[in-house]
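Subject: Handover of a structure, with notes

Dear colleague,

Please find below the structure that I am handing over to you.

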Amino acid sequence: MTEKFNLDTVKNAATTPETELPWAELGLKKNEFKRVVEILGRRPTAAELAMYSVMWSEHCSYKSSKVHLRQFGDKVTEAMKEHLLVGIGENAGVVDIGDDWAVTFKIESHNSPSMVEPFQGAATGVGGIVRDIISMGARPVAVMDALRFGAIDHPDSQRVVHGVVSGVGSYGNSLGLPNIGGEVVFDSAYQGNPLVNALAVGVMRHEDIRLANASGVGNKVVLFGARTGGDGIGGASVLASESFDDTKPSKRPAVQVGDPFAEKVLIECCLELFKASVVEGIQDLGAAGISCATSELASNGEGGMHVELTNVLLRDPTLTPGEILMSESQERMMAVVTPENAAAFEAIMDKWNVEYSWLGEVTNTGRLIIEWDGEEIVDVDPKTVAHEGPVYERPFHRPEWLDRLQSESFTASSQYRDRPQSGAELSAAVLELISSPNMCSKDWVTNQYDRYVQGNTALAMPDDAGVIRVDEQTGLGIALSTDANGRYSYLNPYEGARLALAEAYRNVATSGAKPMAVSDCLNFGSPEDPEVMWQFAESIRGLADACQELGVPVTGGNVSLYNQTGGVAIPPTPVVGVLGVFDDVARRTPSGWRHDGQAIYLLGTTAHELDGSEWANLRGHLGGQPPAVDLSVEKMLSELLINASRDGMIDAAHDLSEGGLAATLAEMALRFNVGARVGIDELCERDGIDAFTALFSESQGRAVVSVARSEEVRFTDMCSARGFPHLRIGVVDNPPVPVSSAASSGAGRPGVDQSWTEDHHESLAEPTLDVQGQFTLSLAALREAHEGTLPAYFG
Amino acid sequence: MTSTAQETGSTASPVEDSVNAFEGASVAGARIGVVTFPGTLDDRDAARAVALAGGTAVSLWHGDETLKDVDAVVLPGGFSYGDYLRAGAISRFAPLMDKIINAAKAPSAPLPVLGICNGFQVLTEAHLLPGSMIKNENLHFMCRDQRLRVENASTSWTNQFSTGQEIVIPLKNQDGQFIADAHVLDELEGEGRVVFRYEGSNPNGSRRGIAGISNAAGNVVGLMPHPEHAVEPGFGPDSSGSDARFGDTPLASGTDGLGLFTSVLHSLVTR
């Protein structure tokens, strides 16, 4: 091989201690670089420096967050661990859902790449989290995406929204993974830092769980999948300029480029490897690429590995060893295979036309040795790279502005004095609310995602949770929801995190599933800002406390810091994903009522809680304290919803959250295009509130359900026995259709051809949402308001 | 991965059980091949649909040299080879496609072939069906429950429907806009080879609202919407073309797609 650069060998490093190294440009602090020199007892080689710099980065090492994240482990009880097969620390946590089935799920951010290059950033965000799931031995079965964009009418949102949505869609659709839910939020606070959090979930039999470790001395290490290229090298330009040869390309894109077809083939190929039991350990290549995979596999196994780096198949032959080690080229996996299984491994690669190269073998030397054409360029203890990075106790303090913010209640504002009060005003307010960017229909987004593929989707957006059947024989299945409210967290990060968990937990229970486990994606500004660090610390404390109170463990997740532009941080945004389990998905509860004459009940009580609400948002107000959350109430509500679903008492359920009762009633009616007559006078009287508060307050621990007449006594008895507040607020209004138009059907659901509704609806009684004594809105008017917003902005 | 298909012997599959549940014992023996190309996505769904209809699904690999004595073949949806070239343009050259093309053109008892979405695109690339697909008019991937009108109920894949019947099955694709020269379109219309047409507004700009077509013999049918996603109550569309009223339709219970699979089984028994 002809050298295109001066090879910096271990031998060379030992004899040239004075050589200047670009550690600062690679993101290492001076003390960190000194620590590397101390560990090695000499200066690092260029390749070693590359490895330490990426592995000790905030993204890979969690150096600022580690001391706080410990709470997720410390606050876990034995009971919470009961169903945990694999906890935090592996690629993704694994939960036992019964019948020998296990589920693995995780949510991860891809925020910065999605700002720079929205399509590829979002696409590779999906690709990365799916590889985490595969590397646990699971077949991926669904994805979700929690998205936060800047203001809907900001010109840059056109670029970001189109790019992100088509990126998520393109990658997930091409993998054959149904997208079953997520979030879409617009807020100018995210203008410079949109958030793209992707969740993936996979299923496997217990015996198929695979862990990332390199065990068995003499076993072979193989890299397979896509070739390694120059994409995604964080500090590549620095590394390149460190080279003594300036004829090669020096700038490379820092954003990875996705190839979903390669990943789809990789999934099938990996599942065949697992089925044939030909891999001992497996690791996906994500952040920090080969640096991460080799150091983690080695340190989790026998402790040593020997690798010949020139064996790596390259897309770009000019890459230096350091670049190869840092490249974040997508769609790659690394596995450990016994020599006896090598032929079987190769046969499966050949069947799927997947390229592979044998890089080296597992040793028990405790050293990770990487050679370049036989010359040693890396000689490190892999643990010091993967696990013994720096840990910081960053200073933090409560922001001084918070007291003033929390004292500025919406109730004391001029906007509150001007609140809608008459029936006509309330009617207009409901239309304004459900057409607003955050409360409007997200069909424009979700209709670009395949929700049908694999044939196991029992619920998807816009229902409260996505529901997937796991076992086709028994109907055993799972529900998933992700939630966060950056406005609540901005007002009170401790409570905001608890509220995020409460909502995700409630959503899963509303679909009828029993919440089991949590994955979190913690999106914050710079940890070097003590106020941001305080928000971060408070959020973790809140989430860990709430998990303990609800008895659901955090099984894994991801931290995304430095989400700030020009010194302005995003609001604290702890996105919480909750996984729930069904014995049989046939009993899941959709979010809309269908049957004429069923009684509509409101569960829970409504307080005067409008601070941080969507209504306050519409009036440009942010202040006060977020709604109070009582987790014992949430737990009881969830038990009620799960029992009522299991025993067939309810046919529809939808939680109350952003937008309050007004949003919930409108969404329940629009879900199947079925109207209702509702009265709120009794509610106002019982809870001591006015009609405006009844409709727009965001009090927690509430849900609306529809109950068959035959089940009403049983249902109310159940609520009364537990002392849970319940109030009959209305009845489903779906009058029989004349026989002559009996053939007409099929419209109404988002996604069904709407033009047909226009052609035929004259033959049906016009469905309405009638809030008696206040207003009557036709569902056609509600639908037009609800569904028109995103198409109006994005086409 | 086509583990639900019978030949791979997955006993935990609903595919197998439903075979016995089917009433016509002679039909249960019918072997319907489901082809997997690299990047195929809906192969497991197609195998499930075959089994729910009462047939035996046989998984076929694109590189296979034999059709394993199947009685009919389904080319499922997906993004074979990533659709990085024209959709279906590479898959069309798979070794198995030669066998399928020959069998489909056989003068006597031609092989019934159904191409769904990407499978339809493969059939047009293989010239078993005319026309081609370009990007949807709105340039987005689109997933929705779609109403169709069955225009020809005499093909191998539609004989259990009636002409003019409305059905609802999911439509989900990026390149779903059917195009062909005017004279080809006239010929398709004139010979009754338009098998499915979009009802209501045209979702993707397809010429003359065409959703599916057949060859002259009626054994080869291709369509863009996905019948295999409307075969099992609880996991299909929220509606069907024949239910009495939308509001009473149980959640996700639309199974209108099953008719394509029962049709081919019927055609195999009666031919």
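I begin with B:Val50, which touches B:Ile32, B:Val34, B:Gly55, B:Ala57, B:Val74 and B:Phe261, leaving aside residues up to four places away in sequence. Two residues are in contact if their C-beta atoms, placed from the backbone, lie within 7 Å. Please note that this is a predicted model, in which local features need pLDDT of at least 70, side-chain atom pairs count only at pLDDT 80 or more, and totals for chains, interfaces and linings use all residues. Residues are numbered from 1 along each chain as its sequence is written, while chains are lettered from A and ligands numbered from 1 in the order in which they are written.

Helices (H or I, at least four residues) and strands (E, at least two) are DSSP runs, numbered from the N terminus.

The 21 residues of H22(A) should span 30 Å at 1.5 Å a residue, and its end C-alpha atoms are 30 Å apart, which agrees. The expected span is 1.5 Å times one less than the number of residues in the helix. Just after H22(A) comes A:Gly551, with a positive phi of about 75°.

Confidence

Chain A has an average pLDDT of 90, and 92% of the residues score at least 70; pLDDT is the predictor's confidence in each residue, from 0 to 100. Two stretches of chain A call for caution. Over residues 235–252 of chain A, pLDDT stays under 50, and the model has 33 contacts beyond four places in sequence for them. Over residues 739–763 of chain A, pLDDT likewise stays under 50, with 55 such contacts in the model. Where pLDDT is low, the predicted coordinates should not be read in detail.

Sheets and strands of chain A

Seven strands of chain A form an open sheet with mixed pairing, in the order S8-S10-S7-S11-S9-S12-S13. Strands S8 (281–284) and S13 (375–380) of chain A stand at the edges with a single partner strand each, so one side of each is left without a neighbour in the sheet. Two strands pair if DSSP finds at least two bridges between them. Within chain A, strands S9 (residues 304–308) and S11 (residues 356–363) run antiparallel and are joined by four bridges. A:Gly304 stands opposite A:Thr363 in S11(A).

Elsewhere in chain A, strand S24 (residues 675–678) runs parallel to strand S27 (residues 768–771), with three bridges joining them. The bridge partner of A:Ala676 in S27(A) is A:Leu769. S27(A) also pairs with strand S28 of chain A (residues 775–778), in the antiparallel sense over four bridges, and A:Val771 stands opposite A:Phe775 in S28(A). S27(A) and S28(A) form a hairpin with three residues between them, and A:Gly773 in the turn has a positive phi of about 80°.

Backbone points and a buried histidine

Most residues other than glycine have a negative phi, and most peptide bonds are trans. A:Met461 and A:Pro462 are joined by a cis peptide bond, with omega about 10°; A:Pro462 is found in the loop between strands S14 (457–459) and S15 (466–469) of chain A. A:Tyr562 is not a glycine, yet has a positive phi of about 65°. With 19 C-beta neighbours inside 10 Å, A:Tyr562 counts as partly exposed. B:Ala109 also has a positive phi, near 45°, and is exposed, with 11 other C-beta atoms within 10 Å.

A:His110 lies in the loop between strand S3 (101–109) and helix H7 (111–116) of chain A, and counts as buried with 30 C-beta neighbours inside 10 Å.

Chain B

Chain B has seven helices and 11 strands. Of its 271 residues, 62% count as buried.

Yours sincerely

Methods:
A residue is buried if 20 or more other C-beta atoms lie within 10 Å of its own, exposed if 12 or fewer, and partly exposed in between; C-beta atoms are placed from the backbone.
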